[in-house]
Amino acid sequence: MIHVLAFYLFAILVVSSGALTILSRNPVHSVLWLIMAFFNAAGLMVLLGAEFIAMLLIIVYVGAVAVLFLFVVMMLDIDFAELRAGFVDYLPFGALIALVLLAEIVLGIGIWSAGPVELAQRAAPMNPDLSNIQAIGGLLYTRYIFLFEAAGIILLVAMIGAIVLTHRARGGVRRQNVAKQNRRRPQDAIRNVNQPVGQGVEL
């Protein structure tokens with residue numbers, strides 16, 4: 001009984017947060033509602049026994065993507081009046097996308113009503129004593145190790161490319177020369193001056 005109540009609670013919160021993400025006029029509030037939707041979706045994944053996907057939702061989507069969206073939205077100088085003025089121009093395109101998504105949902109419900117999809121014969125054999133995380137880790141680091149490493153290299157190249165593209169050389173900036181600082185002697189940095197009384201120090 002508690003599982004059913006938890007499922008309906010998480011499901012209602014996911015749907016409500018998703019609707020508020022779209023309907024909220026403030027982009028910052030939209031990102032916050034999106035974070036809440038991710039958290040509740042992670043709760044649904046835990047109820048289904050997919051704790052690895054739940055962990056990915058929280059770490060990757062909430063911890064990286066959603067927080068990045070939030071910082072970008074907060075740092076940009078967004079003209080909300082201009083955004084609302086252009087809403088009518090994009091209304092036909094948005095309605096078309098909504099109709100496509102509605103058709104996909106109706107198609108999915110129809111396929112689900114036709115009968116369950118037999119996936120047991122296609123699934124790989126799994127040791128019942130292993131958890132989902134252990135099974136996925138075993139596959140990633142044995143059978144799919146080269147694909148996993150290739151994905152890491154692609155992400156590394158993308159990160160380096162983003163740094164190179166955003167890095168700009170600025171003129172007039174005094175850069176630190178560590179070797180010159182290490183070669184500096186005390187007599188070069190200190191000057192003893194026998195200053196007469198009543199006169200200022202000339203630099």
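Which residue just after helix 2 takes a positive phi? In this predicted model, the residue is G49, with a phi of about 85 degrees.

The chain contains nine helices and zero strands, and its pattern along the sequence is α-α-α-α-α-α-α-α-α. Of the 203 residues in the chain, 12% are buried. Among the contacts with a separation of 6 or more, 54% are accounted for by residues 24 or more positions apart.

Helix 2 covers residues 27-47 and helix 3 covers residues 51-75. The axes of these two helices come within 9 Å and cross at roughly 175 degrees. Because angles over 145 degrees count as roughly antiparallel, helix 2 is roughly antiparallel to helix 3. By class, their contact comprises 23 nonpolar residues, no polar residues and one charged residue. On the helix 2 side, the contact is formed by P27, V28, V31, L32, L34, I35, F38, F39, A41, A42, M45 and V46. On the helix 3 side, the residues are E51, I53, A54, L57, I58, Y61, V62, A66, F69, L70, V73 and M74.

The end C-alpha atoms of helix 2 are 31 Å apart, which agrees with the 30 Å that its 21 residues should span at 1.5 Å a residue. Buried positions in helix 2 are P27, S30, V31, I35, A37, F38, N40, A41, A42, G43 and L44. L34, also located in helix 2, is partly exposed because its relative accessible area is 23%. Leaving aside neighbours within four places in sequence, L34 is in contact with T21 and F69. The C-alpha atom of L34 is separated by 8.6 Å from that of V62, and the two residues are 28 residues apart along the chain.

Helix 3 has 25 residues, and the distance from its first C-alpha to its last is 34 Å, close to the 36 Å expected at 1.5 Å a residue. A kink of about 35 degrees is present in helix 3, centred on Y61. The buried residues of this helix are A54, L57, V62, A66, L70 and V73, and they pack against helix 2.

The loop between helix 2 and helix 3 includes A50. This residue counts as buried because its relative accessibility, 18%, lies under the 20% cut-off. Not counting residues up to four places away in sequence, A50 touches M45 and N132. A50 and I133 are 83 residues apart along the chain, and their C-alpha atoms are separated by 8.5 Å.

At 1% relative accessibility, S17 counts as buried.

Notes. Residues are numbered from 1 along each chain as its sequence is written. This is a predicted model: local features need pLDDT of at least 70, side-chain atom pairs count only at pLDDT 80 or more; totals for chains, interfaces and linings use all residues. Side-chain values use heavy atoms; hydrogens and water are left out. Axes are lines fitted to C-alpha atoms, for helices over the stretch in contact, and angles run from 0 to 180 degrees between N-to-C directions. Helices (H or I, at least four residues) and strands (E, at least two) are DSSP runs, numbered from the N terminus. Angles under 35 degrees count as roughly parallel, over 145 as roughly antiparallel, 65 to 115 as roughly perpendicular and the rest as oblique. Contact means heavy atoms within 4.5 Å. Ala, Val, Leu, Ile, Met, Phe, Trp, Tyr, Cys and Pro count as nonpolar, Asp, Glu, Lys and Arg as charged, and the others, Gly among them, as polar. The expected span of a helix is 1.5 Å times one less than its number of residues. The bend at a residue is the angle between axes fitted to the seven residues ending there and the seven starting there. Buried means under 20% relative accessible area, exposed over 50%, partly exposed in between (1.4 Å probe, protein chains only).
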